[in-house]
Amino acid sequence: MNFFLKLSKIDRRFIYLFIALVVVLPLILKPKFPVVVSKPVQDVYDYIEKLPEGSNVLISIDYDAASMPEQQPFLEALLRQLFKNKLKPILIVQWQLGAPLGTMGLEKIAKEMGAEYGKDYINLGYRPGYVAQMVGIGKEIRDFFKVDYKNIPLDSFPMMKNVHNYNDIALLVGLEAGATYLAWIEYAGGRFKQKIALALNAVSAPDAYYFYQSGQIVGLVGGMKGAAEYEVLVDKPDLAVAGMASQSYSHLVIILFIILGNIAYFIEKGMKNKEGGK
Amino acid sequence: MAISTNFWIWIAALLTLAIYSFLYKDNPFYKFAEYLLVGISIGYGISIYWHNTIITKVYNPLVYDKNFLVLIPLLLGLLMFSRFFKNVSYLSRIPIAFVVGAGTGLSVPSSFEFLFKQIYATMPLKLDIGSLIIVVGVISTLVYFFFSLEHKGFVGKVSKVGITFIMVAFGAAFGYTIMARVSLFIGRIQFLLSDWLGIIK
Amino acid sequence: MLKGKGIPIFITFLTGMIMIISFFIPHKPFGDIEKISLTWYSIIAGFTMLLGVDSLIGMHFRKLKRKDENWFFSLVLIIGFTATVVVGIIETVRFGTAFDERSYFTYIYNYFIVPLQSTMFSLLAFFIASAAYRAFRARNFDATLLLITAIIVMLGRVPLGEQISPYLPKFTEWIMQVPQMAAKRGIGLGISLGALGVSIRIILGIERSYLS
Amino acid sequence: MLKRTLLLILFLILSISLFSENDSLIFLENQFPCEGFYITGRDIPNDGGSGIEINWSFPDSLDNCFLTVLRRDEFGNNSVVATDLLVSSKQVRDVSSDEEPSRVKDGIKYYYTGILSKKIIDENLLNILKEKSYLKNGTYIFNNDTFYVTSETDAVISKASWFNLSRIPVLISLIIIAFVFLYYLNLAKSGKELYIRKINGLDAVEEAVGRSTEMGKPIMYILGIGYVTDIPTIAGLTILSRVSKKVAEYETKILVPSYDPVVMTTAQEVVKEAFTEAGRPDLYNKNDIMYITQDQFGYAAGVDGMMMREKPGAVFLQGLFFAESLILAETGHSIGAIQISGTTETAQLPFFVAACDYTLIGEEMMAASVYLQKEPMMLSSIAAEDLLKVFIMLLIIAGFVISIFAFGFNIGLFKNLFDHLVNALQV
């Protein structure tokens, strides 16, 4: 009884402490956490698995630091799958502030998987004017990307020799924090029949589901949850799975506190009623 | 990975911790971060104003396009400074009257568009239980916002249903948002543990 | 005559009416009026910003002079402000624009403003928990309903919910799409009517408290 | 014989390579199956001028071809409107965009030609075509690619409209609503008493100000992060006027930290006026209405800090709020202030309801200034809003009943009726 009464006047900082613990600990310990893979995510994975060895995959970084927890884990999982299957990622950036994030993820996984720059993957960096670029790549990628992100001419890289336009790109994967994906679907998809897969932030994923249903995109990875599913698919549970554990536990902690708070509330009310009865 | 040796990462990390210290209680570290953020962001804001407004919206149109229409807001802006002089300070009402007029005027048609959109969205394009619930919900919520009728009798009962709908909506929206907020925190922790401390990769 | 409220109220009425009429007239100059007035607002606000800076920096200068309790932090604020403006000017001279990728101005943005902003934002993870704990008490029928919906939606959003029952995420979606949407629309309709009311009261000069 | 054949082949190859080197166009009669393809142009209706729309009709077989549209003006200047449009997109508009300022001028005759190709059009070819003053309708070959040139459209002239016809439903409802408001205003003038229901949070204003005064604490009024052009901010300012009048009566202090400088100056006017009306202009201190910063979270940090240090007894959160709503409201709660909040941002309302003592929901906040100063003219506008609510409800119920007959009983007449209703609502 006494415990619950104290609970109803609990210091808010205890709640803060619990939230901090359930979020931080899973990120460090990375516990096993069951994740069920949904169909739109499976479709992206399967599509890439079926690509012939040596195909080029264009990855567009359309997010910034604010969406990093949702997008970065997917980028890393995707790159693992690409390098494992000997596919060649070409990284471009439409959100200037996302450029360092893309580079960071690419270099990290390339090092881990032993991929060689210019031969197995390439990083073209950011160029302004996304619509012109999306249309332009339909003709010749060099119109916009004469050089890579370090200003080295494209033609000096063996893997870019035969890459000119969407015809040479097996799949476009957009990692999207905003509405840039609409332009990809309209221009690259609509005009040039480019196959597209998208990874969206959790808030915009429901809006894009329509494009998945209508077949305009091959698959859809939504938010951190989608990224966690992808990590499971490439068989390397990492930050997104840990993040899902953090999410689930924090929700549980909040629910638990709500329930305890209500028990305390009813006990208190019961006692007041008794006193009133006297 | 080991702890970062990048000076800038250290700054970002220490400022992050300073803000979090507010959760314990107000303290000098938080105060430092707070005053710094206010000071820097206002300096940043001024620079953005210079770049986006003075250069692109005043200087360029005036000098290159010979668009003298921008002299009007320029004058209105200058009138704001009349408040520094007591005997003409009433002149600052003119720009205020203008912006309030523009704001209210623009809101009339946009309120209409919003009104039409909401009614349109409520029209049942297919007949199912969901559409019925939506119609009942929209109408009872609207009844709750009746101001010139006392909420008694039938009106009172309907407005009670409206309150119920509003409460369900608030509960749902609250529960729905928690995930996104926890994500933000995860993002900051990832920054601290990986970019700064190098504990997780 | 100028000192009274007459002229300002007339200006409000006139601008308001022009804005309304221009909604129906695409012909120049009415068609562009919304865009123009927003540009004008930003120009006026740009000038008024100096008043704002005068207000804020003036206050902290006074605190500094008086050696108020928090004078040191006022100094931090003033230094932060001055340094940012000075760096902005120097980098504009160096690169033509302060927003160049190599400029220190960008560093200030990336390593001061961004972490401070996003950490402030992330405080919500904690505040949302403490607010839920305190407010979600089953005091009456409606409060109970609010609490139960919140818990259902919270469970339905995480993988855990799917394991409790595969219908939970679907039910969550239904709650968001049907009852939640209905109330949101009802509130939205009320808001647009309320906005009309406020606008008409101001344009017609019935409400004039914003002018002294 | 063999020698002669070889020579002939050699000659052919040579001649072909010669042609392609010259980049010349070869006219072929009709080898591209383009029957049924033609383009038309017209002025875009209901716009402010400088806009022409080009439509085309096509057989399904051409679905995956590309269309390039060229324009010739009456002075003979050529320009490219758009290149490589997918034929299935059916329409393109020749208008000015943000990147390219107005190119079409009102009152000038324009002629459009379409170039249909199976592959994306070659840059060199485009340059050649741009130089030609006139292209004959038919099929051409260039560097082994065939393409088809449509016949030119009739002259198209763009003009600006004086009235946007698609907005007639809005105009009609605006007129109706104006009449409703005027009717109630007259009613108020003629002295009819109008009623307003109790709004919970607003009866607490007096109590909140009174309690703060007793405790010797200031009052804090937060207008959120809107501009003066936002209606919620304006509504917040009108409530501020009523609240500061009470503050002056109680002889206490009101702090208004602001996000936008124009909001700050307007708030200064509002408070000064209210203090003067209450007969206490001497208590007004312009430095109490201060600017913080125009940065969402910088503002939240600054206001939070100010709350911790000034410890206001009552906190008002009235205006436009986004994610910072709960950061402010939780901090306000932690210092034990009475909090009265209100906003039109439906996404933030749940947080206010959870963290504050009283919350004005949407329209309640807009009506608050009327409630706090129950003048007949003010009240009349609220009554008008309510009558409009009845209209809207009737419209929604009518729509539902019609849809029952239309979809439930499958009656054609009602289906048409429903379509008309829905169309009228699409602005």
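Helices (H or I, at least four residues) and strands (E, at least two) are DSSP runs, numbered from the N terminus. By this definition, the elements of chain B run α-α-α-α-α-α from the N terminus on. The structure is a predicted model, in which local features need pLDDT of at least 70 and side-chain atom pairs count only at pLDDT 80 or more, while totals for chains, interfaces and linings use all residues. Residues are numbered from 1 along each chain as its sequence is written, and chains are lettered from A and ligands numbered from 1 in the order in which they are written.

Chain B contains six helices and zero strands. Its C-alpha atoms fill a box of roughly 65 × 60 × 35 Å, taken along the principal axes. The radius of gyration, taken over C-alpha atoms and compared with a globule rule of 2.2 Å times the number of residues to the power 0.38, is 27 Å for chain B, whereas a compact globule of 201 residues would have a value near 17 Å. A residue is counted as buried if 20 or more other C-beta atoms lie within 10 Å of its own, as exposed if 12 or fewer do, and as partly exposed in between, with C-beta atoms placed from the backbone. Of the 201 residues in chain B, 50% are buried. Two residues are in contact if their C-beta atoms, placed from the backbone, lie within 7 Å. Among the contacts in chain B between residues at least 6 apart in sequence, 23% join residues at least 24 apart.

UniProt, in an unreviewed entry, lists the feature "transmembrane region" for residues 6-23, 35-55, 67-85, 90-109, 129-149 and 161-186 of chain B. UniProt positions are given in the numbering used here, feature names are shortened, and annotations may be inferred rather than shown by experiment. Two of these spans may be described further. Residues 129-149 of chain B are 76% helix and 0% strand, with end C-alpha atoms 30 Å apart. Residues 161-186 of chain B are 100% helix and 0% strand, and their end C-alpha atoms lie 39 Å apart.

Chain B also meets chain C: 94 residues of chain C are in contact with 90 residues of chain B. On the side of chain C that touches chain B, at least two residues each come from several helices, among them α1 (6-22), α2 (33-66) and α3 (71-95) of chain C. The most is given by α9(C), with 18 residues. By class, this side of chain C has 65 nonpolar, 23 polar and six charged residues; here Ala, Val, Leu, Ile, Met, Phe, Trp, Tyr, Cys and Pro count as nonpolar, Asp, Glu, Lys and Arg as charged, and the others, Gly among them, as polar.

Chain D has twelve helices and 15 strands. Its C-alpha atoms fill a box of roughly 120 × 55 × 45 Å along the principal axes. Buried residues account for 47% of the 427 residues of chain D. Of the contacts in chain D with a separation of 6 or more, 71% are between residues 24 or more positions apart. The contact between chain D and chain A takes four residues from chain D and five residues from chain A. On the chain D side, these are two nonpolar, one polar and one charged residues.

An unreviewed UniProt entry annotates residues 159-407 of chain D as "domain: DUF6754". Over this range, chain D is 60% helix and 12% strand, and the end C-alpha atoms are 43 Å apart. The feature "transmembrane region" is placed by UniProt (unreviewed entry) at residues 168-188 and 387-409 of chain D. Residues 168-188 of chain D are 100% helix and 0% strand, with 30 Å between the end C-alpha atoms. For residues 387-409 of chain D, the span is 96% helix and 0% strand, and the end C-alpha atoms lie 32 Å apart.

Two strands pair if DSSP finds at least two bridges between them. In chain D, six strands form an open sheet with parallel pairing, in the order β12-β11-β10-β13-β14-β15. The edge strands of this sheet are β12 (289-291) and β15 (358-361) of chain D, each of which pairs on one side only. Strand β10 (residues 219-224) of chain D is joined by five bridges to the parallel strand β13 (residues 314-320) of chain D, and D:Ile219 has D:Ala314 as its bridge partner in β13(D). Antiparallel pairing is found elsewhere in chain D, where six bridges join strand β2 (residues 38-43) to strand β3 (residues 51-57). In this pair, D:Arg42 stands opposite D:Glu53 of β3(D).
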